[in-house]
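Colleague: I would like a close look at a single part of this model, and then how that part sits against the rest. Please keep it brisk.

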Amino acid sequence: MEIDGACTLPSAERPTRVAEFETLFGQATGAEHRPGGLRLVFGVELAAKVADLAARESGCCSFFTFTMKITGEELSLDIAGPEDIVAALAAKVP
C-alpha cells in the first residue's frame, strides 16, 4: 500500500501511523467503498481525532484528499486517492 516516493513520512514512523489508522477504522460505525474513494462514518465525539490524523496524513501523503462533514451526531470522512491505495485502506475496515 505504498506509492514510491509519494509518501514523505519517515519509514520508521509508518508502522505507528498504520496502527493509528487501523484503530480509527475500528471505531467507524459505517463504511462505503466508492470508485476512487472510501467513506467512513463516526460519532461526532471523534471529530478532533479524525481531523488530527487526516491533517497529519495530508502532510506526508499528498495523493490523499480528506473531506470531513458533520451532520447532527454523525461525522463522515471521505478519503480519495489512487484506487489501489484506497482499496488497500478499505480492506482494513472491519
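Modeller: Start with a hairpin. Strands β3 and β4 form it, with two residues between them. In the turn, G72 has a positive phi of about 65 degrees. Strands here are DSSP runs of E with at least two residues, helices are runs of H or I with at least four, and both are numbered from the N terminus. This is a predicted model, where local features need pLDDT of at least 70, side-chain atom pairs count only at pLDDT 80 or more, and totals for chains, interfaces and linings use all residues. Residues are numbered from 1 along each chain as its sequence is written, and side-chain values use heavy atoms, with hydrogens and water left out.

Confidence next. pLDDT is the predictor's confidence in each residue, from 0 to 100. The protein averages 86, and 93% of the residues score at least 70. Strand β4 (residues 74-80) has the highest confidence, at a mean of 96. The lowest is in helix α3 (residues 83-91), at 82.

Now the pairing. β3 covers residues 65-71 and pairs with β4 in the antiparallel sense, over seven bridges. Two strands count as paired if DSSP finds at least two bridges between them. Across this pairing, F66 stands opposite I79 in β4.

β4 has another partner. Seven bridges join β2 to β4, again antiparallel. There, L38 has I79 as its bridge partner in β4.

Strand β1 (residues 30-34) runs antiparallel to β2, joined by five bridges. E32 is bridged to R39 in β2, while G30 stands opposite V41. β1 and β2 also make a hairpin with two residues between the strands, and G36 takes a positive phi near 75 degrees there. Six of the seven residues of β2 are buried, so the rest of the structure largely encloses this strand. Buried means under 20% relative accessible area, exposed over 50%, and partly exposed in between (1.4 Å probe, protein chains only).

A80 lies in strand β4. At 31% relative accessibility, A80 is partly exposed. G36 is 44 residues away from A80 in sequence, yet the C-alpha atoms are 5.7 Å apart. Beyond four places in sequence, A80 is in contact (heavy atoms within 4.5 Å) with G36, G37, F63, F64, T65 and V86.

Then the rings. The structure holds three aromatic pairs. Rings of Phe, Tyr and Trp (its six-membered ring) pair if their centres lie within 6.5 Å; planes under 30 degrees apart are stacked, over 60 edge-to-face, and the rest tilted. F64 and F66 have ring centres 5.6 Å apart and planes at 50 degrees, so this pair is tilted. Ring pairs link F63, F64 and F66 into a cluster. F64 is buried at 9% relative accessibility, and F66 is buried at 17%. F64 touches E57, I79, A80, I85 and L89, leaving out residues up to four places away in sequence.

E57 is in helix α2, and R17 lies in helix α1. Apart from neighbours within four places, E57 is in contact with R17, F21, F64 and F66.

Last, the core. A nonpolar core is a set of buried Ala, Val, Leu, Ile, Met, Phe, Trp, Tyr and Cys residues joined through side-chain atoms within 4.5 Å. The largest has 25 residues, and F42, F64 and I79 have the most contacts inside it. Two or more residues each come from α1 (14-26), β2 (37-43), α2 (47-60), β4 and α3. α2 gives the largest share, five residues. V50 is also in α2 and is buried at 0% relative accessibility. V50 touches L24, F42, M68, L75 and L77, not counting residues up to four places away.
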